[in-house]
Amino acid sequence: MSGNPAGAIQAKSPFHKYWVILSTRTQEDMIYRANYVFGAVFRFLPLVTTIFLWYAVYQARKAGGAPSSIRGMSYEDMVAYYAFMYIARGFSSVPGTMSDISKDIKDGLLNRYLIKPMSYFGYQVMYRLAHKLVFWYIALFTFPPIFLLMRHFFTHLPTLWEWLAFFASLVIAFSIGILFCFMIGTLAFWFLEISTFLFVVMMLEFFMSGHLIPLNILPASLQPVLSLSPFGYEGYWPCVILMGKVPQDQLLRVLGIGLLWVGVFFGASQWMWRMGLKRYSAVGG
Amino acid sequence: MPIIEVENLSKIYRTQKRLPGLGGAVMGLFSREFTEVRAVDGVSFQIEEGELVGFLGPNGAGKTTTLKMLSGILYPTAGTARVMGFIPSERKNDYRRQFALVMGQKNQLWWDLPAQESLFLNKEIYGVSDGDYRQVLDEMTELLQVKRLLGIMVRELSLGERMKFELIASLLHRPRVLFLDEPTIGLDVVAQRNIREFIKDYNRRTKTTILLTSHYMNDIQALCERVVVINHGQKVFDGRLDDVVEKFSQTKLITITFKNGGVSPEQLSAFGKVLENTKVKAVLEVPREGVKGASNGILSRFDVDDINIEEVPIEEVIEKVFAGSEEAKV
């Protein structure tokens, strides 16, 4: 038995519903646009402290007679790195995703999605994408003036290939960001209370993404791990690509590893979801 | 062929047993003991297309667990469930497009948007055509008198109004089977009546099969001819609501209004158990078979202004049913 006797069902692309989820959530998010404007402007405040901090570091090195660059990064590069980090994190960070998913699972809110003919994963991706759309809609107005003010820090003019690789790396950044959150969020299928764990994981992700310190200036012994880790794609790689720090013949390799991680995370997240759902359906909801 | 077939359905939860207090919590980190809870224990019933069946039982009886198994949210531990020929736990899209589950306490409407946006989203999720959508929406908003509220943010609606939109959202795709879990919970009397009348009318017009749980006997009495009663996960009754009264209530109530002052309890107790006795009025509980004789006796012996014979209120009977199965358990 299939189809609806009332003939109420019509054939449309199976993806159309996800498009509507995206547009509905975008509408809802737009209600909070003032909040976004506020966030988009004031998120740059910590950058001021960072600039002063690194200025002091470079001055001290100069006074001590040390080379004027740290692992190939001049003072200007360093500031540019932190500025570009705002763009990269604007794609890779999907705030609230882990905790929302774990809450849906823990409080049984998942039920209302499970009974509908749609995928919860697809729903979450669209929901978070909408957040990014609204964020960037606002950021298009607030970012340019700030970047214009900082223009003398941007010493490298990216090539066409670097621009293309940069945009590709942003897509990878978003994919890894959401997939990772989805995976960690689904841990709630097995563990009742994971907020402390979420906090630790988020700190680790934050650090390993290069948000705090550029990964290439961390100890050399860590480099093999850091350069291959998936989290670098959430911040470090987009920045250094745009700064021209990745040789052109390495661009594809870097993006390739990133895509590989997207594949691994996608597979792992779907597997965890299926296993978790089996458990959820078995023990209660 | 029945549209819902439930055969020996069981759900056993395994939960961690905790010792009381802080010490227990600390011990729980090292050794865990599990206990089994039989939420649903070998329940069987069948429902024909178009029926509106009440699903009754005290809190924790297993009603919601059963509905969850029928909706595919939970896998049964044992037994089978089939709805419209589908096995719910397979969660096929073809199945999910043909049923709806409405839970009174949980909502699917988007809080910060007008209800119409959530309704439109549901239309797309279920793949309802534009024409059908408009038709169903017009009809339902008219019937439930919420047309003018379509553009208002959900957060600004009253609980009753939200419940109405909740129902509309669940009916847009014209489900053939509808599971209603406490649809009137928390609503005021007027809103309860509105929802109740709507459900009744909807079932009559569309022949949608409805399985309804409610703690309000008014809902059940107004809507359901047939009830399935479960307690401790087991079915204790399945049949016409009227038969519940026949089967579980061996008594009737006789209310007497006196013309010139009351009668002593001793005189009254000859006819039955005295439940209430004032100067104006007395209420007696009398065995079914003795009602005729008792009323004749009362009319001939006392100065009676009015006499009224009633069934025991359904709430009390159902309470008895629950209590009866409780005793059977012990």
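How many of the 285 residues of chain A count as buried? The share is 35%. Keep in mind while browsing these views that this is a predicted model.

**View 1. Chain A is built from 12 helices and zero strands.**
Walk along chain A from the N terminus and the elements read α-α-α-α-α-α-α-α-α-α-α-α. Taken along the principal axes, the C-alpha atoms of chain A fill a box of roughly 80 × 40 × 35 Å. Now look at who touches whom: among the contacts in chain A with a separation of 6 or more, 85% are accounted for by residues 24 or more positions apart.

**View 2. Helix H7 (residues 120–149) and helix H8 (residues 160–186) of chain A pack at an angle of about 130 degrees.**
Their axes are 11 Å apart. H7(A) passes H8(A) in a right-handed crossing. On the H7(A) side, the contact is made by Phe121(A), Gln124(A), Val125(A), Arg128(A) and Lys132(A). Facing them from H8(A) are Phe174(A), Ile178(A) and Phe182(A). Sorted by class, the contact of H7(A) with H8(A) has five nonpolar, one polar and two charged residues.

**View 3. H8(A) turns up again here, this time with H12(A), and their axes come within 9 Å.**
The axes of H8(A) and H12(A) cross at roughly 20 degrees. That angle is under 35 degrees, so the two helices are roughly parallel to each other. The crossing of H8(A) and H12(A) is left-handed. What classes of residue make up the contact of H8(A) with H12(A)? There are 19 nonpolar and seven polar residues, and no charged ones.

**View 4. Chain A meets chain B, with 30 residues of chain A in contact with 35 residues of chain B.**
On the side of chain A that touches chain B, the elements giving two or more residues are helix H1 (16–30), helix H6 (111–114) and helix H12 (248–283) of chain A. H1(A) supplies the largest share of that side, seven residues. The residues on this side of chain A divide into 15 nonpolar, 10 polar and five charged.

The crossing of H1(A) and H4(B) is left-handed. Which residues meet here? From H1(A) come His16(A), Lys17(A), Val20(A), Ile21(A), Thr24(A) and Gln27(A). From H4(B) come Glu117(B), Leu121(B), Glu124(B) and Ile125(B). As for class, the contact of H1(A) with H4(B) has four nonpolar, three polar and three charged residues.

**View 5. Chain B has 12 helices and 13 strands.**
The C-alpha trace of chain B spans about 70 × 60 × 45 Å along its principal axes. Chain B has 330 residues, and 41% of them count as buried. Take the contacts in chain B with a separation of 6 or more, and residues 24 or more positions apart account for 71% of them. Chain B is also divided into domain 1 (4–245) and domain 2 (250–311). Between the C-alpha centres of domain 1 and domain 2 of chain B there are 43 Å.

**View 6. Pro175(B) sits in the loop between helix H6 (159–171) and strand S6 (177–181) of chain B.**
Is Pro175(B) buried or exposed, and what puts it in that class? Pro175(B) has 25 C-beta neighbours inside 10 Å, and a residue with 20 or more counts as buried, so Pro175(B) is buried. Leave aside the neighbours of Pro175(B) within four places in sequence, and Pro175(B) is in contact with Gln98(B), Phe99(B), Ala100(B) and Thr208(B). Take one of these, Gln98(B): Gln98(B) and Pro175(B) are 77 residues apart along the chain, yet their C-alpha atoms are separated by 4.5 Å.

Conventions. Residues are numbered from 1 along each chain as its sequence is written. Chains are lettered from A and ligands numbered from 1 in the order in which they are written. This is a predicted model: local features need pLDDT of at least 70, side-chain atom pairs count only at pLDDT 80 or more; totals for chains, interfaces and linings use all residues. Two residues are in contact if their C-beta atoms, placed from the backbone, lie within 7 Å. Helices (H or I, at least four residues) and strands (E, at least two) are DSSP runs, numbered from the N terminus. Ala, Val, Leu, Ile, Met, Phe, Trp, Tyr, Cys and Pro count as nonpolar, Asp, Glu, Lys and Arg as charged, and the others, Gly among them, as polar. Domain bounds come from an automatic or database domain assignment. Axes are lines fitted to C-alpha atoms, for helices over the stretch in contact, and angles run from 0 to 180 degrees between N-to-C directions. A crossing is left-handed if the near helix is turned anticlockwise from the far one by less than a right angle, and right-handed if clockwise. A residue is buried if 20 or more other C-beta atoms lie within 10 Å of its own, exposed if 12 or fewer, and partly exposed in between; C-beta atoms are placed from the backbone. Angles under 35 degrees count as roughly parallel, over 145 as roughly antiparallel, 65 to 115 as roughly perpendicular and the rest as oblique.
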